[in-house]
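Please look over the sequence and the model shown here before reading the report that follows.

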Amino acid sequence: MSTDPLFQLDAHLTRDLTEHFWGAIDGAWYYGGKSSINGVAGEELNNVGIGLTLGYQINDNLNLTVGYKTTVNDNAPGTFA
């Protein structure tokens, strides 16, 4: 089994909502990651994803972050790459 490198580019537009609470709209582009098993090659990824992240600063040393991301144009939705 072998896997080619996966290139990922992320971008985030972040906004402070209160002193301790913030939110972000996220975008991502994934390219590569082609895998092969016993010489049978899979498909190369070329996908765009969007997401939302929310964060809360509990204290100076502890933050809570939750996020969700999904693909917009999955070029191979039936594969497990």
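The coordinates discussed here come from a predicted model, and a search through the whole of the structure finds two aromatic pairs. In one of the pairs, the ring centres of phenylalanine 7 and tryptophan 29 are 5.5 Å apart and the ring planes stand at 75°, so the arrangement is edge-to-face. Because phenylalanine 7 belongs to strand S2 (residues 6-16) and tryptophan 29 to strand S3 (residues 21-32), this pair ties together parts that are 22 residues apart in sequence.

Tryptophan 29 also forms an aromatic pair with tyrosine 31, and this pair is stacked, with 5.8 Å from centre to centre and 25° between the planes.

## The open sheet

Three strands, in the order S1-S4-S5, form an open sheet in which the pairing is antiparallel. Strand S1 (2-3) and strand S5 (40-41) stand at the edges and have a single partner strand each, so one side of each is left without a neighbour in the sheet.

S1 and strand S4 (residues 35-37) run antiparallel and are joined by two bridges. Within S4, serine 35 is the bridge partner of threonine 3.

## The chain as a whole

The protein chain contains seven strands and zero helices, so that its elements, read from the N terminus on, run β-β-β-β-β-β-β. Its radius of gyration is 17 Å, well over the 12 Å that the globule rule gives for 81 residues, and the chain is therefore more spread out than a compact globule. The C-alpha trace spans about 55 × 25 × 20 Å along its principal axes.

Of the 81 residues in the protein chain, 19% are buried. The accessible surface comes to about 6,200 Å², and 58% of this area belongs to carbon and sulfur atoms. Among contacts in the protein chain with a separation of 6 or more, 43% are accounted for by residues 24 or more positions apart.

## Confidence in the model

The average pLDDT of the protein chain is 90, and 90% of the residues score at least 70. Confidence is highest in S2, at a mean of 96, and lowest in S5, at 86. Where pLDDT is low, predicted coordinates should not be read in detail.

Terms used: Residues are numbered from 1 along each chain as its sequence is written. This is a predicted model: local features need pLDDT of at least 70, side-chain atom pairs count only at pLDDT 80 or more; totals for chains, interfaces and linings use all residues. Side-chain values use heavy atoms; hydrogens and water are left out. Two strands pair if DSSP finds at least two bridges between them. Helices (H or I, at least four residues) and strands (E, at least two) are DSSP runs, numbered from the N terminus. Rings of Phe, Tyr and Trp (its six-membered ring) pair if their centres lie within 6.5 Å; planes under 30 degrees apart count as stacked, over 60 as edge-to-face and the rest as tilted. pLDDT is the predictor's confidence in each residue, from 0 to 100. The radius of gyration is taken over C-alpha atoms; the globule rule is 2.2 Å times the number of residues to the power 0.38. Buried means under 20% relative accessible area, exposed over 50%, partly exposed in between (1.4 Å probe, protein chains only). Contact means heavy atoms within 4.5 Å. Accessible areas come from the Shrake-Rupley method with a 1.4 Å probe; for residues, only the protein chains shown count as cover.
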